[in-house]
Amino acid sequence: MGIKVAVSGKGGVGKTTIAGAIAISWAKQGKRVLAVDADPVNHLGIILNISKDRQPTPLSKMSELIEERTGVAPGESFGKLFRLNPRVDDIPDKYSVVNEDGVRLLVLGTIECASSGCFCPENALLRTLIDHLVLEIDDYLVIDLEAGLEHLGRGSSKGLDILLLIVEPGQRSIETADRIKTLAMELGIKRVEAILNKSRSPNSERLMKSRMEELGIPLLGTVPYDQLFEEADINGVSPFSISRSSPGLNALSEIAVKLNRYQPS
Ligand SMILES: Nc1ncnc2c1ncn2[C@@H]1O[C@H](COP(=O)(O)OP(=O)(O)OP(=O)(O)O)[C@@H](O)[C@H]1O
Ligand SMILES: [Mg+2]
């Protein structure tokens, strides 16, 4: 089985950039990788350097697929019974798009409902799919989550090898990390480790390290502030379309190698 990680953290800390870079590094090591975009703002395809016209349609928007699998179309579930365990095993291959490095990208999309426990066909499909990806498939898996852990049920949480908490220098990021760690423990996630991103000075790095220690979150690695990422974002392109080597990308590929130590023997 490959390693299964989910990436979380405060808005804008670098979750998508890091998820994409880890996926690409693993693919370059010859692993079979599936990257899952579970953020409502779908951006992972850009980081993976997949052009706009090739990006997969979010599964939450595929009404016909949802109806075919659950028996009920989105928006029509009121008073109707739908399958809670729809067939999903063919979805990763059928609905993913492969990038130039061989990373397959699956885009989940957003479910328009009031609560995370929403009882609707779209949610039944996506939750069953995430459980399947985490618990059944052999691929290396990277899930780009939004700041909360709404997409994860108890089953898939227990199957994750590690939740990567991305932090940047600053108090708000630390507070979010603390909150997410508590949620992760409630969900039964086995291991939570932090990546310090956008680090600019040894001094703030030291301070952040000690704050993470106080919170009991081990630091897996540090990624320096990298001009390449800023330049790529201003131009709306992937950093990988500009360069394959930079201080930030190199640090992330070292982190991807470190993650391999979690490989079950
Ligand atoms: N190490 C870094 N150095 C410089 N800029 C970075 C670094 N990592 C990420 N960025 C920049 O920070 C911004 C946010 O990155 P990204 O979109 O990956 O964050 P996110 O946590 O996924 O955001 P969101 O919460 O909106 O999904 C982007 O402009 C990105 O280029
Ligand atoms: Mg993002």
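Contact, on this tour, means heavy atoms within 4.5 Å. Keep that cut-off in mind. The model on your screen is predicted.

**Stop 1: the sheet**

Switch to a cartoon view. Select the strands. You will find an open sheet of eight strands with mixed pairing. Follow the order S3-S4-S2-S5-S1-S6-S7-S8. At the edges are S3 (97-98) and S8 (219-224), each of which pairs on one side only. Strands of a sheet pair through backbone hydrogen bonds, and the pairing is either parallel or antiparallel.

Now select residues 33-37, strand S2, together with residues 140-144, strand S5. These two strands run parallel and are joined by five bridges. Click on Val-33: its bridge partner in S5 is Tyr-140.

**Stop 2: strand S1**

Select residues 4-9. This is strand S1. Is S1 mostly covered or mostly open? It is mostly covered, with six of its six residues buried. Lys-4, Ala-6 and Ser-8 are buried on one side. Val-5, Val-7 and Gly-9 are buried on the other.

Next, look at the partners of S1. Four bridges connect S1 with S5, and the two run parallel. Here Lys-4 stands opposite Leu-141 of S5. S1 also runs parallel to S6, and five bridges join that pair. Find Gly-9: the residue opposite in S6 is Ile-166.

**Stop 3: two helices across the sheet**

Select residues 121-135 to show helix H5. Which strands does H5 lie across? They are S1, S2, S4 (104-107) and S5. Helix H5 runs at about 140 degrees to S5.

Then select residues 247-259, helix H11. H11 lies across S1, S6 (162-167), S7 (192-199) and S8. The angle between H11 and S8 is about 165 degrees.

Stay with helix H5 for a moment and show Glu-122, which lies in this helix. Glu-122 counts as buried because its relative accessibility is 13%, and buried means under 20%. Beyond its neighbours within four places in sequence, Glu-122 is in contact with Ser-60, Ile-66, Pro-74, Gly-75 and Ile-111.

**Stop 4: ligand 1**

Select ligand 1 and the residues around it. There are 17 of them. Which come nearest? Thr-16, Thr-17, Asn-197, Asp-226 and Asp-233 do.

Look for the nitrogen atoms of the ligand. A polar side-chain atom of Asn-197 lies 2.8 Å from a nitrogen of ligand 1. Pro-224 places a backbone N or O atom 3.0 Å from a ligand nitrogen. For Asp-226, a backbone N or O atom is 2.8 Å from a nitrogen of the ligand. How much of ligand 1 does the protein bury? Taken alone, the ligand exposes 640 Å², and the protein buries 81% of that.

Now centre on Asn-197, in strand S7. Why is Asn-197 classed as buried? The reason is its relative accessible area of 5%, since the class takes in values under 20%. Not counting residues up to four places away in sequence, Asn-197 touches Val-13, Gly-14, Ile-18, Ile-166, Val-167, Glu-168, Pro-169 and Val-223.

**Stop 5: two loop residues**

Select Asn-49. Where is Asn-49 found? It sits in the loop between helix H2 (44-47) and helix H3 (63-70). Asn-49 is partly exposed, at a relative accessible area of 29%. Apart from neighbours within four places in sequence, Asn-49 is in contact with Glu-100, Ser-238 and Ser-241. Draw the polar contact between the side chains of Asn-49 and Glu-100: its length is 2.9 Å. Asn-49 and Phe-240 are 191 residues apart in sequence, yet 6.8 Å apart from C-alpha to C-alpha.

Finish at Ser-96, in the loop between helix H4 (91-94) and S3. Ser-96 counts as buried, at 13% relative accessibility. Its side chain reaches the backbone oxygen of Pro-92 at 2.5 Å. Leaving out residues up to four places away in sequence, Ser-96 touches Ile-91, Arg-104, Leu-105 and Leu-106.

Definitions and conventions: Residues numbered from 1 in each chain as written. Chains lettered and ligands numbered in written order. Predicted model: local features only at pLDDT ≥ 70, side-chain atom pairs only at ≥ 80, totals over all residues. Heavy atoms only, no water. Pairing = 2+ DSSP bridges. Axes fitted to C-alpha atoms, helices over the stretch in contact; angles between N-to-C directions. Near = heavy atom within 4 Å. Polar contact = N/O pair within 3.5 Å; in protein donor to acceptor, adjacent residues only side chain to side chain. Areas by Shrake-Rupley, 256 points an atom, 1.4 Å probe, with all protein chains shown as cover. Buried < 20%, exposed > 50% of the residue type's maximum accessible area, 1.4 Å probe, protein only.
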